[in-house]
Amino acid sequence: MRRALAEHDFAAAFTLVKKYGGLSQNRIALACQLTPGKVSTIIAGTQRVTSFDVICRIAEGLRIPGALLGLAPRVWEQEREAPSRRGEPPGERPHTREAPWRPDATVALAADLTRSDLLMDRREATRALAGVALTGAALLDDLEGWLQPAAAIEPPARRGRLGLEEVAELEGTARAFRSWGHRFGSGLRSKAVLGQLNQVAGYLEEHQPPGVEQRLHQVMAQLAGTAATMAWDSGLQRRAQEYYRLALRSSHAGNDVVFGANVLAGMARQMLCRDRPHDALELVRLAQDGSRTAAGPRVRAMLHTREAWAYASLGRVSAFRRASDQAADALSTAQRDQEPYWIAYFDEAELAGVTGGRLLDLARHDPSKYAENAANKMRNALARRGPEAGRSHALDRIGLAECHFLVGDIRGGVEQAHQAVDAATHTRSERVRAQLNHLYPYTVGHGVSNAVREVRARIRDLLSH
């Protein structure tokens, strides 16, 4: 039932309620304020529940705790929680959903997530693809605990024997996986990341020395962040969000607010790609509030670019320019090797590429005003980072091709589109494929040109595999 609710698989949930709860379809419909016909189509699998209002009605009608559905706690939960918490035995590990900001609950979440994903079969993978990422209050309210100190807990009874040398090896592995994911996106190594994450969770289920334990939580955060990016690249939006939340809780347990801010920035990017700029702004502000005194210039610059992206999506051009200028100013003070390795990618090339992408967003509405500037930024990014950047290189090529098409430069657009396809073949990122799919319509309607037909065929061929 927990799995069904987490994946919003109400066909399975209603079937379990009928079988073990003794409720008929009519009683389920009455409790959830649905029609019997609607319940029947849900159980049959011919209709999925995606409406936030309907999910809330189901939670209220069947008395499902909000956290099991990714919602805020329901009113009736708050009324009953106080007395039950008073009776909790000392040292008993709570369920993850009940105390998400306790380190032991975070470890339990890591073990549960990785174990289920490592054993996921084809049917479960299909359900995961259909999972809808949380938005609005259901997402944001749950993250406020990041600003509070981690709760003190009783240590596990079983003593661990992990040393600093082994922790250093785990840190090196996390770094290698992150580098691979940044270059190639999702792919064959996702299972390796999950396996390593599961192993780290196992180490944290034992009582390790304080220094070791803190570093293990930080390793777990970095691995979870990589798993989130890989899941997102594979189109698993809800699963990516779950790993982002795990990464945030792990960084909280490891007292690493800077990496936590980076995780929130990743969650903001996910919201931006799903056309939720207001949610993205809230996530960026939460990141800035929590890391204001700890974040270095590169992290601050990266957060400003997420802010600028949200403003561009909202059509607030002046605010976009202000945030972009703040990003450039912050980056100008950055020194080499003075910040964590995972933010080293954010350099002048990355700033140019990200800013170019946002100018391209604006150019789609006013090509004559923004397309040339967007193209110049992307050329700057391509000249600075080269094809070894993998996914980012491919995205820049696609964006540059679109800039040419927007201003009517078909020849230039075709030339850049060929280079974009070449770059896309070297990455398994679904985000690259999605952007390439957006490029395809520009090649339609110019059938008289052999060059356009050729690049259209190459795009179609790549997207069909």
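## Backbone, burial and contacts in a helical model

Asp337 sits in the loop between helix H17 (317-332) and helix H18 (348-363), where a helix is a DSSP run of H or I with at least four residues, and a strand is a run of E with at least two, both numbered from the N terminus. The structure is a predicted model, in which local features need pLDDT of at least 70 and side-chain atom pairs count only at pLDDT 80 or more, while totals for chains, interfaces and linings use all residues. Residues are numbered from 1 along each chain as its sequence is written, and side-chain values use heavy atoms, with hydrogens and water left out.

The protein has 23 helices and zero strands. Of its 465 residues, 52% are buried, where buried means under 20% relative accessible area, exposed means over 50%, and partly exposed lies in between (1.4 Å probe, protein chains only). The accessible surface comes to about 21800 Å², and carbon and sulfur atoms account for 49% of that area; the areas come from the Shrake-Rupley method with a 1.4 Å probe, and for residues only the protein chains shown count as cover. Among contacts (heavy atoms within 4.5 Å) between residues at least 6 apart in sequence, 68% join residues at least 24 apart.

Most residues other than glycine have a negative phi. Asp337, however, has a positive phi near 65 degrees, and Arg63, found in the loop between helix H5 (52-61) and helix H6 (75-86), has a positive phi near 55 degrees.

Because 15 of its 16 residues are buried, H20 is largely enclosed by the rest of the structure. Just after H20, Gly408 takes a positive phi of about 85 degrees.

| Residue | Relative accessible area | Class |
|---|---|---|
| Cys56 | 13% | buried |
| Thr229 | 15% | buried |
| Cys273 | 47% | partly exposed |
| Asp337 | 75% | exposed |

A search of the whole structure finds zero disulfides, a disulfide being a pair of cysteine sulfur atoms within 2.5 Å. Thr229 lies in helix H12 (residues 210-233), and, leaving aside its neighbours within four places in sequence, Thr229 is in contact with Tyr244, Arg269, Arg391 and Arg431.
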